[in-house]
Amino acid sequence: MANLTKASQELFRRTPDECFSSFEALHAHCREERESSTDVWQPPQLLLPKVSDLTVSLSLESGTEARLNDWSFSQLCRMAGVNRDTINRLSPDTASIALRETLPQSEKPIQLLTANDTIRSVHGVAYTRLWNADLLDVVQDYAGDFQPPQKGFNGATGLYCGEQDLFCFLIDPLGWVEIGGQEFAPGFFVWNSEVGRRSLGVQAFWFQRICANHIVWDATEVVEFSRKHTANVRDGLDEIRRIIEALVESRDARRDGFSRVMTKAMQESLGNDADEVLKVLTKHEIPRHLAKGALEIVPKTGNGFTIFAMVDALTRMTQSSRYAGERLDADARVSSLLTLAV
C-alpha cells in the first residue's frame, strides 16, 4: 500500500489566512474571488511598469493603475526575462526602465487577472483559466457528503486557498469497511490554480489511516489525474467528475460487497510460484517490470501469492511512475485484478 503525502506538504506550507474551517466556507470564498475578478487583455507595450515604494504597478487601458502582488510580480519578471531579485536591488526609476525595456514587444496581448486595484496574475495568450469555484462545484455535486479529515496538529483542516492556488482534502467518514481486521475508507484530493501556479488535478484513493501530519497511510487503488491550463483544461473537469463519481459509486457498492471481495482477495492465490503469477499478470496486461518488482516485495503465504498482496504491491510500484498518464493506465490494470475475487 502507498503512503500519500500531498496533504501533509500542504499542511506545512500554508499560512493561517489560507486555511478554511469548512468546505462551505472555502467554496463561498472561491465564488467571491470569481465574481470580483476580471480579465483584462492589453498589448505589452501599454503596460508601462512603474516602481515606487517597494510596489510595482501597471497602467491599464482604462487609464487606471493596478499594483502587482508577489505572485504577479514574479510572473512579470519571468515574462521580461529579468530576475526578480535583480529588479528588487535597483532604484525605483531604474527598475521601471528595466521592466519596460525587457517586456516583449509583440502584437500578442497580455492577459491580466485583476481584482479591484490588484493584478492577481500575468499571462500570455496560451494560458486558459479555470476558476477554483468551478472545480468545487463539481466536488459539491458529486461528493457532497464527503468531509474534511480530522484537524492536523496545527489545527489545519486540509482546506486551503491562497493568493496562488487551492487544495482540498476530503474523506467519507461513514465509508469505513472492515476486511480481515483492517479498515478502509474513501477519500480524495483536488487542486487548482487560477493564476498559473499549478495544474488542475485530483487523486482518489481508499485509505486506512490519517495522522496529525495529514499523511494518508496505507492507501490502495490510488488514481491520479492532472491537466495543464491550456485550451482544453475544462475537459479536465469531466475527467475529475468521472473519477470522483467512480469513487462514490465504488463506495456505495462496497458498503455491502467490498468486505466480501477483499476478504476473498486476501485468501485466494494468483499462484504458488513467481512464474505462475507472472503468467497471470501478463494476461491482465500488467507491465513485466512492475510485476517483477512487486514479486520481490510481496509476502508469500500458505496460499501462495494472494490477489490482495499483489494488488497492494503493484499499487506501491505504480506510484514511482514519472508520467501521470502511465500511472493512471497502470492503476486501472492493477485494479482489474480484484475482479478475480468477485
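## Salt bridges overall

The whole structure holds 22 salt bridges. A salt bridge here is a side-chain nitrogen of Lys or Arg within 4 Å of a carboxyl oxygen of Asp or Glu. Side chains of opposite charge can pair when their charged atoms come close.

The model is predicted: local features need pLDDT of at least 70, side-chain atom pairs count only at pLDDT 80 or more, and totals for chains, interfaces and linings use all residues. Residues are numbered from 1 along each chain as its sequence is written, and side-chain values use heavy atoms, with hydrogens and water left out.

Arg129 and Asp39 form a salt bridge, 2.6 Å from N to O. The pair links distant parts of the chain, 90 residues apart. Arg129 sits in the loop between strand 7 (118-123) and helix 6 (132-142), and Asp39 in strand 2 (residues 37-42). Helices (H or I, at least four residues) and strands (E, at least two) are DSSP runs, numbered from the N terminus. Arg129 is buried at 9% relative accessibility, while Asp39 is partly exposed at 32%. Buried means under 20% relative accessible area, exposed over 50%, and partly exposed in between (1.4 Å probe, protein chains only).

Arg84 pairs with Asp70, with the closest N and O atoms 2.8 Å apart. Arg84 is in helix 4 (residues 84-89) and Asp70 in helix 3 (residues 70-80), 14 residues apart. Arg84 is partly exposed at 24%. Asp70 is also partly exposed, at 42%.

Asp145 meets Arg251 in a salt bridge of 2.9 Å, N to O. These partners are 106 residues apart: Asp145 in the loop between helix 6 and strand 8 (159-161), Arg251 in helix 7 (residues 235-267). Asp145 is partly exposed at 38%. Arg251 is buried at 5%.

Shared partners also join Glu10, Arg13, Arg14, Glu18, Asp165 and Arg198 into one salt-bridge network.

## The largest pocket

The largest pocket has about 360 Å³ of space. A pocket is an open set of points on a 1 Å grid over the protein atoms alone, where a 1.4 Å probe fits, with protein on both sides within 12 Å along at least five of seven lines; lining residues have an atom within 4 Å of a point.

The lining has 16 residues, with Glu221, Val223, Ile243, Ala246 and Leu247 nearest the centre. Helix 7 gives the largest share, 7 residues.

Note on methods: Points joined across faces, edges and corners; volume = space filled by probe spheres on them.
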